[in-house]
Amino acid sequence: MNPLQKTSLGSTGLEVTRLGLGCTSLGGMYEDISEEQAFELVHRSLSLGLNLFDTAPFYGSGKSEERLGKALAEIPRDQFVLATKVGRTLIPTLGDDRGKKIFVNPLPFRPVFDFSYDGVMRSFEESLTRLKSDRIDIVHIHDPDDHYQEAIESAYPALEKLRSQGVIRAISVGMKQWQMLVRFAHEGDFDCFLLAGRYTLLDQSAMSKLFPLCIKKNISVILGGTYNSGILATGVQSGAKYDYAEAPPEIVDRVRRIEAVCDHYQVSLKAAASQFALAHSAVTTIIPGAASVKQMNENFNLLQQNIPDDFWTELQAKKLINQDAPLPKVTE
């Protein structure tokens, strides 16, 4: 697979590379990195030819957006596609309520859910400032799991207005579940969705209902969480994570069986995870995170590794992936 191949994002006219950069690490997710490391990571992504950068106010309470904005400040604006999120406003605080459970050394702000029209507009303006930009290409409504009505009745109209003004190009929803995305697809005019963890080597649950609907309505799917937050990157080991918690025994067993097939064909588990996610026609791009230039280089190279067709057919024969899942081809 070619990570630099560009595909259209819905009907927006935007074209994104098949591989982008998820910018949680710029906000210090699980471990902090220096500002210098953050800049090196962004600039390495650009030098490789990648053009999609996905961030959020939630990541480090504004830290990811600030660092990304500084790193991209001298880059011509038409050389990259910028995505951020709305649905959380940042309230100044010096306490321990700054998102410290997930992010290390966040900025002194407390993220609070707010899907109101005014809250979304305020969040968007603050993101423009942190990102040092006069426009944002893609805006996701972020984690509205418990706020569907306010998201569709207030947040969505706010983004529609911004899209009509030309300051954003694409309206999206970013979630870890596919069921609510089906509802959004039926009730709004969305350009893309960001789905985390629900189309991977371990979970193809989005395939039966969401993906056909997205293809029908020309909604591009951006995939995050293609390693299911850890275990598809680390393999089976002590403390391996699945969906942000310790992997349960049934997942550990399944990954161990997938690893056995990987060993037989001398295939990298991470390469298999990345290439499988991109093989579905509904999927436009994947945005795995990276905390270093080394990890960015690895993500790039994984997509170019040759994986024999027999590897995929054996996974299906052993019922380790869905029998109807589209399979990557060596010729791609």
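Which residues make a nonpolar surface patch of about 310 Å²? The patch is formed by Y30, I102 and Y244; such patches comprise residues with over 30% relative accessible area and no salt bridge, with nonpolar side chains (Val, Leu, Ile, Met, Phe, Trp, Tyr) joined within 5 Å and like charges within 9 Å. A salt bridge is a side-chain nitrogen of Lys or Arg within 4 Å of a carboxyl oxygen of Asp or Glu, and accessible areas come from the Shrake-Rupley method with a 1.4 Å probe, only the protein chains shown counting as cover for residues. The model is predicted, local features needing pLDDT of at least 70 and side-chain atom pairs pLDDT 80 or more, while totals for chains, interfaces and linings use all residues. Residues are numbered from 1 along each chain as its sequence is written, and side-chain values use heavy atoms, without hydrogens and water.

Twelve aromatic pairs are present (ring centres of Phe, Tyr or Trp, the latter by its six-membered ring, within 6.5 Å; planes under 30 degrees apart are stacked, over 60 edge-to-face, the rest tilted). The rings of Y59 and F103 are tilted, because their planes lie at 35°, with centres 6.1 Å apart. Y59 has 11% relative accessibility and therefore counts as buried (under 20%; exposed is over 50%, partly exposed in between, with a 1.4 Å probe and protein chains only). F103 is likewise buried, at 2%. The pair of Y199 and F211 is also tilted, with centres 5.1 Å apart and planes at 55°. Both belong to a cluster linked by ring pairs, together with Y265, F276, F311 and W312.
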